[in-house]
Structures are given as C-alpha cells and as structure tokens.
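User: Hi! I have a structure open and I'd like to go through it with you. Can we start?

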Amino acid sequence: MGDLTNDIERCLADCACDGPTAERARCSCEEGRVRETKRVLLDERRRLLEELHASQRGIDAIDHLLARVASEM
C-alpha cells in the first residue's frame, strides 16, 4: 500500500488537512484498515465541501450587494 499511502499523504497535504488527521489516514492505510481510511477521507471531503459552501455564500452576498450598489447609485 506504499503508493496509495503516499498518494493519500500528498492529497491531504494539498488540501491543507491538519497533521493528526493526515497521520490517522496514513496509519490506517498502512495497516489495511479500509473502513477507517475511507472514513478519514470522507470526513475531510465533508470539511472541504463545507468550506466551499461558506465561500459561495460569501460570494453570493457580495454579488447581491454589488447589484444593489449599481442600481442605487
């Protein structure tokens, strides 16, 4: 599982995953604990998706204000 472990480590580093979470994923992958590895990856995916949605809400709010400014000035 060496290549897979390296790919998981690299992916989580690219995603700015915290150290303990990345370590948990690495260890579980090396030990062949598929369910735990998938759980860590899915949790990280969920975190990133929540960040994306929060950013999108901010962008939507700014777009709304820009439209209001354009129409009121």
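User: Which helix is Val-34 in?

Analyst: Val-34 sits in helix 3. Helices here are DSSP runs of H or I with at least four residues, numbered from the N terminus. Before we go on, this is a predicted model, where local features need pLDDT of at least 70, side-chain atom pairs count only at pLDDT 80 or more, and totals for chains, interfaces and linings use all residues. Residues are numbered from 1 along each chain as its sequence is written, and side-chain values use heavy atoms, with hydrogens and water left out.

User: Good to know. Is Val-34 buried or exposed?

Analyst: Val-34 counts as exposed because its relative accessibility is 52%. Buried means under 20% relative accessible area, exposed over 50%, and partly exposed in between, using a 1.4 Å probe and protein chains only.

User: And how far is Val-34 from Glu-51 in space?

Analyst: Their C-alpha atoms are 26 Å apart, and the two are 17 residues apart in sequence.

User: Which residues of helix 3 are buried?

Analyst: Those are Glu-36, Thr-37, Val-40 and Glu-44. What covers them includes helix 1 and helix 2.

User: Switching to helix 1, which residues are buried there?

Analyst: Thr-5, Ile-8 and Leu-12. They lie on the same side of helix 1 because they cover an arc of only 60° around the axis, taken from the directions from the helix axis to the C-beta atoms. In general, an α-helix has 3.6 residues a turn, so residues three or four places apart point the same way.

User: What do they pack against, and what is on the face turned away?

Analyst: They pack against helix 2 (19-30) and helix 3 (34-72), with contact meaning heavy atoms within 4.5 Å. The face turned away carries the exposed residues Asp-3, Ala-13 and Asp-14.

User: Which residues make up the largest nonpolar core?

Analyst: Ile-8, Leu-12, Cys-17, Ala-25, Cys-29 and Val-40, 6 residues in all.

User: Last one: what does Ala-25 touch?

Analyst: Not counting residues up to four places away in sequence, Ala-25 touches Ile-8, Leu-12, Thr-37 and Val-40.

Key: Helices (H or I, at least four residues) and strands (E, at least two) are DSSP runs, numbered from the N terminus. A nonpolar core is a set of buried Ala, Val, Leu, Ile, Met, Phe, Trp, Tyr and Cys residues joined through side-chain atoms within 4.5 Å.
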